[in-house]
Amino acid sequence: MFHRSVRLLLVAFVFGLLVVPITADDHTRTDLLATGDPYDAIRFDDRDPGVPTPRNILGHDIGERFTRHAEMIGYLRVLADASDRVHMHQYGRSVQGRPLVTLTITSPENHARLPRILERNAELTTGERNAADRARSLARDSQPALVWFSFGVHGNEGSNMETAIQLAYILAAARGERIDGLLRDLVLVIDPSLNPDGQMRYVTWFQNIMGSEPNAHRWAAERSEPWPGGRSNHYLFDLNRDWSWLVQPESLARLRHYRAYRPQVHVDFHEQGADSPHFFGEGDTPYNLNIPISTREWLAKYTEDLSRAFDEFGLLYSTRERFDYLYPGYGKVTPVYHGAMSVLNEQAGHSRGGLAIEVEPGYTLTLAERIRNQLIVAITYLETTQRFRAEQLERFASFFREAVTDENSEIYFIARDNDPALLAKVWTLAEVHGFRIETLDRPISSGAVLSYQTGEPIDNHTLPAGTWVIRSAQPMGFFIKTLFEREPEIEDPDTYDITAWSLPVVFGLDAWYAKRSIPTLSTSPLAEWTRPTGSIEGDGRVAIMVPSTQYHFPHALGLAAHHALHSRLAGDAIEMPDGVVVPPGSLIVHTQRNDADAVRAFERDLVSAGLTARRLARGISTTGPVLGANANRRFVHPRIAIVRDRPTSSLDFGATWHLFDVEQRIDHTIVLADQLGRLDLDQFNVLIIPNCWGSIGAVFDDRIVERLDAWVRSGGTLVGVGSAGAWASGRILRIDGSSSDDDESSDKEERPVASALTFEERRARSVEDRIPGALLQVRPDTTHPIMFGAPEWLGAVVRSGRTLPVRDNGFVLARYADQPRLAGVLSDRNASRLANQPAMTLHRHSGGVVICIADEVATRGFTHAAQRLLLNAATLGPSMTSRHQPLGDEID
Ligand SMILES: [Zn+2]
């Protein structure tokens with residue numbers, strides 16, 4: 001019945017047909033127009049008919065249905081060919097190979113001098129004393145302001161890419177003084193789809209589920225996207241948490257391109273729930289205090305202009321709430337550190353919005369209306385920036401000057417002998433984000449140098465010449481400080497995302513920092529650095545030894561399994577007669593026991609992965625077990641299955657998948673959760689269940705529990721992470737006592753019952769109990785063979801506050817430190833609750849083992865230290881099972 005009206009509404013909003021009465025159902029919309037027609041303000045009704053419209057090329061009006069990514073690329077190509085205002089540039093490809101493009105839109109005159117414009121823009125980023133003067137003089141000399149619009153980092157927020165298409169068309173086709181002025185004063189870059197793979201996942205699903213007409217019913221099937229949804233990219237990463245870390249190729253390519261422009265204004269277009277108002281402008285506390293106050297003041301100015309525009313249309317909106325500026329990896333935050341007045345915009349709609357949704361009786365929110373609202377925002381940001389062009393250029397230049405002269409600057413030191421794979425990650429971040437690394441000219445020993453572990457000075461510690469030095473007193477300093485400082489200062493603990501991420505800690509680097517200047521510091525710029533290539537040293541013929549202390553050691557184990565090499569794991573530190581030291585847990589491949597071709601292929605793969613190994617000439621040792629000793633346990637090749645789909649958390653499954661598929665490249669098979677009752681588990685000896693959302697028991701019923709139980713007993717290694725770890729403890733091992741942050745029974749101190757508290761006290765208690773994501777110190781038991789190669793301590797981003805139960809005969813492979821908090825929001829109550837508690841356990845279960853990890857460890861692909869816990873569990877677990885080690889019971 002309302003199908004027909006929905007169809008009409010879909011095109012009406014964008015194309016200005018709203019003056020036509022629609023249906024009686026839609027009275028709220030027609031009321032909106034009673035005050036006149038403000039829509040020309042965004043439609044620019046005088047348009048060049050020679051510019052092809054989306055309908056000309058796509059066959060549909062924007063808003064009528066979802067546009068597929070390839071169709072969008074096709075239309076933008078035509079538009080760029082037809083218009084001398086529009087240039088298209090491909091800056092990369094998504095994981096699945098879709099082109100990542102931007103449109104640069106400005107006057108033909110500005111296009112002709114674009115290299116010069118960008119060169120002058122870059123002059124404002126040097127942080128020099130006269131930068132603000134230079135900005136003023138450039139502004140007088142008609143230097144345009146640069147604006148960048150990012151659309152669709154979340155692929156299932158349907159109006160974003162559509163808005164980009166319509167906006168590009170309008171800006172290409174519009175005629176008159178107003179558009180001429182905008183194109184003269186601004187250079188706009190539109191990234192129409194930051195996450196094409198997610199967009200296509202959503203659109204393909206939606207097109208498959210909708211009928212001949214969209215159905216606006218709140219309970220229509222087209223409301224409920226199946227797992228994992230289109231929000232994330234191919235590896236199910238939330239790209240809106242990856243702008244700083246650049247783990248995913250979309251982020252890396254985008255930031256390189258973004259840096260070539262460095263806009264004064266950046267707008268990140270999103271959608272939130274269909275029942276929400278439109279959100280724009282100022283966010284909520286906590287702000288990262290490294291963001292200069294001037295940026296916040298500008299957010300307020302733009303918010304004022306946007307509120308006027310929305311009031312003119314009589315639209316509901318919100319601002320100054322919910323969305324914080326603390327975590328550096330958001331799309332609204334990273335650009336701030338690159339000098340932009342960067343801001344979030346959230347239209348109502350999202351995945352559930354579909355093409356139309358009846359939000360309340362009589363009001364149907366259509367895709368077309370969502371696009372219309374986004375256009376209001378886009379045009380307002382352009383016009384406000386045009387009005388404040390000179391001020392924005394000056395603010396931009398002053399931002400970098402402020403960073404260079406920051407009174408609270410810090411210095412970071414990174415040991416040169418850190419693993420080259422990790423140094424390479426730091427180097428890439430520096431290169432792409434544009435910050436400077438130096439090296440120490442001569443050793444220093446200073447009381448100003450502090451430990452990341454304790455925050456305290458280190459006695460008699462000398463940093464050798466060649467140590468990497470990163471000073472925050474440089475143009476990108478606010479970003480550097482945000483990434484490298486031990487702990488962000490947090491003005492308000494009530495927040496929803498992680499509150500600590502200190503790069504040197506989460507990467508597991510040997511590193512130090514200083515909060516004040518060091519007079520004796522003498523440094524030189526490190527202009528070039530290339531990662532050392534992998535190598536196989538020595539020419540011994542007895543065995544190849546791969547040291548376990550390397551970052552890519554799990555990959556080496558994967559290679560040994562891949563090439564089916566008989567090998568052993570060093571049971572202790574071994575010193576060889578030629579002085580070579582074999583760290584505990586290192587891989588020993590006996591040459592003579594293995595096929596020569598397989599050994600050669602193994603060596604070649606080691607080298608190309610950047611690993612170092614050594615050919616050993618003797619089987620006898622000076623100290624520690626000789627190579628053939630039983631103490632060096634047989635390495636049982638892992639045959640790994642990783643569970644995906646409900647009930648796993650798509651983000652945590654994605655991080656795990658990426659870890660095994662890309663980061664460490666270890667052979668594995670992805671299996672579906674709902675097939676665990678059927679698939680032949682004996683094909684695998686390791687099963688990883690990533691952290692789950694919601695009820696695990698709803699999917700893993702009694703029959704699956706029985707199967708897993710039997711499979712473990714017959715020699716399997718079950719690895720449960722996060723809530724799956726707690727589930728495995730309870731359901732497979734049948735031990736009670738996993739506790740979490742909302743578990744009242746674990747209280748050590750008396751607290752009044754919740755009902756005795758006022759509403760406000762209850763809120764305060766929930767903030768106290770919650771761990772939004774803190775950096776906690778975890779101490780692996782490095783004497784346990786499965787933890788060989790792990791560091792003495794590491795920093796893990798903990799969100800659940802869960803601890804694991806352990807039986808008397810179980811092993812605690814890692815526990816939270818006595819003082820667990822390294823950084824971030826963690827109440828004293830939670831700190832004392834977690835102190836010394838198990839973070840990772842191992843239990844023998846008849847012939848197999850169950851390994852539980854209390855919290856996600858591969859978070860967002862940047863927690864390189866903590867992910868080792870999961871990697872060791874998966875690669876070494878089978879070697880710990882009694883079934884495969886008939887020689888003894890040495891781990892018991
Ligand atoms: Zn979003």
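Mentor: Gladly! Keep in mind that this is a predicted model. Let us begin with arginine 868, which lies in helix α28 (residues 867–876).

Trainee: Is arginine 868 buried or exposed?

Mentor: The cut-off for buried is under 20% relative accessible area. Arginine 868 has a relative accessible area of 9%, so this residue is buried.

Trainee: Now to the metal site. What arrangement do the donor atoms around the zinc ion make?

Mentor: The zinc ion is coordinated by ND1 of His154, ND1 of His270 and two OE contributions from Glu157, at 2.0 to 2.4 Å. Four donors count as tetrahedral if all angles lie between 85 and 135 degrees. Here the 4 donor atoms subtend angles of 58 to 154 degrees, so the arrangement is irregular.

Trainee: How many residues apart are histidine 154 and histidine 270?

Mentor: The donors follow the spacing H-x2-E-x112-H along the chain. Histidine 154 sits in the loop between β3 (145–151) and α9 (159–173), while histidine 270 is in strand β5 (residues 265–273). Histidine 154 is buried at 3% relative accessibility, and histidine 270 is buried at 1%. This pair links distant parts of the chain, and the separation is 116 residues.

Trainee: Which are the edge strands of the open sheet of 6 strands?

Mentor: The order is β15-β17-β13-β16-β14-β18, with antiparallel pairing. An edge strand pairs on one side only, and that describes β15 (449–451) and β18 (523–525).

Trainee: In that order, β16 comes beside β14. Which residue in β16 is the bridge partner of threonine 439?

Mentor: Strand β14 (residues 438–440) and strand β16 (residues 468–471) pair in the antiparallel sense over 2 bridges. In β16, the partner of threonine 439 is tryptophan 468.

Trainee: Which helix lies across β13 and β16 and runs at about 55 degrees to β13?

Mentor: Helix α18 (residues 420–433) lies across β13 (411–414) and β16, but the angle given for it is about 30 degrees, to β16. The helix that runs at about 55 degrees to β13 comprises residues 477–484 and is α19.

Trainee: What is the bridge partner of phenylalanine 279 in β10?

Mentor: Strand β6 (residues 278–281) pairs in the parallel sense with strand β8 (residues 317–318) over 2 bridges, and there phenylalanine 279 stands opposite serine 318. With strand β10 (residues 341–349), β6 runs antiparallel, joined by 3 bridges. In β10, the partner of phenylalanine 279 is glutamate 346.

Trainee: Let us finish with backbone geometry. What is omega for the cis peptide bond from arginine 646 to proline 647?

Mentor: A cis bond also joins tryptophan 227 and proline 228, with omega about 0 degrees. Proline 647 lies in the loop between β27 (640–644) and α23 (650–663). For the bond from arginine 646 to proline 647, omega is near 10 degrees.

Conventions
Residues are numbered from 1 along each chain as its sequence is written. This is a predicted model: local features need pLDDT of at least 70, side-chain atom pairs count only at pLDDT 80 or more; totals for chains, interfaces and linings use all residues. Side-chain values use heavy atoms; hydrogens and water are left out. Helices (H or I, at least four residues) and strands (E, at least two) are DSSP runs, numbered from the N terminus. Buried means under 20% relative accessible area, exposed over 50%, partly exposed in between (1.4 Å probe, protein chains only). Two strands pair if DSSP finds at least two bridges between them. Contact means heavy atoms within 4.5 Å. Axes are lines fitted to C-alpha atoms, for helices over the stretch in contact, and angles run from 0 to 180 degrees between N-to-C directions. Donors are N, O and S atoms within 2.8 Å of the metal (3.2 Å for Na, K and Ca); water is not among the atoms, so sites may look incomplete. Four donors count as tetrahedral if all angles lie between 85 and 135 degrees; four count as square planar and six as octahedral if opposite donors are over 155 degrees apart and all others between 65 and 115; anything else is irregular.
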